[in-house]
Amino acid sequence: MVPLEVGTEVGNWQITNASLQLNDSYQDSLAVSYWDKMTSLLPTDLLEKYVTSLRLYTDGPQEDLGGLNQLDASNKYWQLDLDTADFNLYNQDSVFVLDYTHTLIHEFGHLLTLNATQIEPTKDIRQDDTKGYLTSEGYAIQSSYLGKFVDQFWPADFLLEWDKIDQTKNEDRRAKKLFAFYDEYSSRFVTEYAAENPEEDIAESWAFFVLAEKPAPHHDGAQKVLFFYQFDELVSLREQIRSNIDTLPVSYLEVYKTEKAF
Ligand SMILES: [Zn+2]
């Protein structure tokens with residue numbers, strides 16, 4: 001395939017009940033390839049229920065990778081945005097494939113934890129502690145995966161420390177402070193990106209839950225992976241996704257954590 005020019009908006013396709021609606025554009029076959037890849041990797045129940053649109057574009061490798069994003073404040077309609085350079089289906093390199101597989105599972109983690117059954121939309125801008133943890137999509141319902149995750153791993157003082165950093169207006173300063181925060185508490189996180197906020201933390205921990213073997217409970221990072229084993233429905237989703245992957249990574253969590261002697 002000839003690489004698409006950087007800045008290309010390839011197209012937008014409607015999805016109905018997890019099936020792609022062709023729109024007679026010359027890129028239809030490309031959209032079919034991407035949607036087939038999605039549905040052959042990820043369990044279709046949630047895709048059927050929430051994903052209503054597929055958008056393909058590219059800003060070149062890295063930068064904006066794409067993801068699963070809510071189309072409105074109801075958390076009921078989601079769009080899958082994919083950068084064709086980062087999700088290059090023609091690149092068979094095993095590290096590259098594992099990398100985008102991780103990203104797709106991470107994105108599915110957002111759909112799993114931020115959909116309308118999990119988050120209560122609100123007009124609040126600042127968190128009212130009596131209502132739980134406030135995401136940009138609304139309050140995490142107390143019995144939701146994210147509600148329980150924050151309860152267990154983001155105690156009030158820790159959340160406050162992070163929130164102060166998150167309020168920093170200057171982006172460079174925020175990034176520096178956030179890195180220092182991650183550095184101090186790195187054993188609590190599966191990756192550096194997980195320290196971005198609780199929403200990213202749960203999505204990253206979910207990706208490791210799916211891709212890694214069950215870890216020994218030595219560290220809080222491992223505790224976050226073990227968290228998901230208490231939910232039978234998530235264990236079953238994990239098995240479904242793993243059965244769709246040709247080659248499962250070996251010692252995935254440990255390899256990621258090598259420098260920290262996990
Ligand atoms: Zn994310």
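In the predicted model, contact between helix 4 and helix 7 involves Y145, L146, F149 and V150 on the side of helix 4, and P198, E199, D201, I202 and S205 on the side of helix 7. Classified by residue type, this contact of helix 4 with helix 7 comprises 6 nonpolar, 1 polar and 2 charged residues. The axes of helix 4, which spans residues 145-153, and of helix 7 come within 10 Å and cross at roughly 100°; because crossing angles of 65 to 115 degrees are counted as roughly perpendicular, helix 4 and helix 7 are therefore described as roughly perpendicular to each other.

Since H110 belongs to helix 3 (residues 94-114) whereas E200 belongs to helix 7 (residues 198-211), the pair ties together parts that lie 90 residues apart in sequence. H110 and E200 are both buried.

A further element of the model is an open sheet of 3 strands, arranged in the order 6-8-7 with antiparallel pairing. Its edges are formed by strand 6 (119-120) and strand 7 (134-135), each of which pairs on one side only. Strand 7 is joined by 2 bridges to strand 8 (residues 138-140), the two strands running antiparallel, and L134 has Y139 of strand 8 as its bridge partner.

Technical notes: Residues are numbered from 1 along each chain as its sequence is written. This is a predicted model: local features need pLDDT of at least 70, side-chain atom pairs count only at pLDDT 80 or more; totals for chains, interfaces and linings use all residues. Side-chain values use heavy atoms; hydrogens and water are left out. Helices (H or I, at least four residues) and strands (E, at least two) are DSSP runs, numbered from the N terminus. Buried means under 20% relative accessible area, exposed over 50%, partly exposed in between (1.4 Å probe, protein chains only). Axes are lines fitted to C-alpha atoms, for helices over the stretch in contact, and angles run from 0 to 180 degrees between N-to-C directions. Angles under 35 degrees count as roughly parallel, over 145 as roughly antiparallel, 65 to 115 as roughly perpendicular and the rest as oblique. Contact means heavy atoms within 4.5 Å. Ala, Val, Leu, Ile, Met, Phe, Trp, Tyr, Cys and Pro count as nonpolar, Asp, Glu, Lys and Arg as charged, and the others, Gly among them, as polar. Two strands pair if DSSP finds at least two bridges between them.
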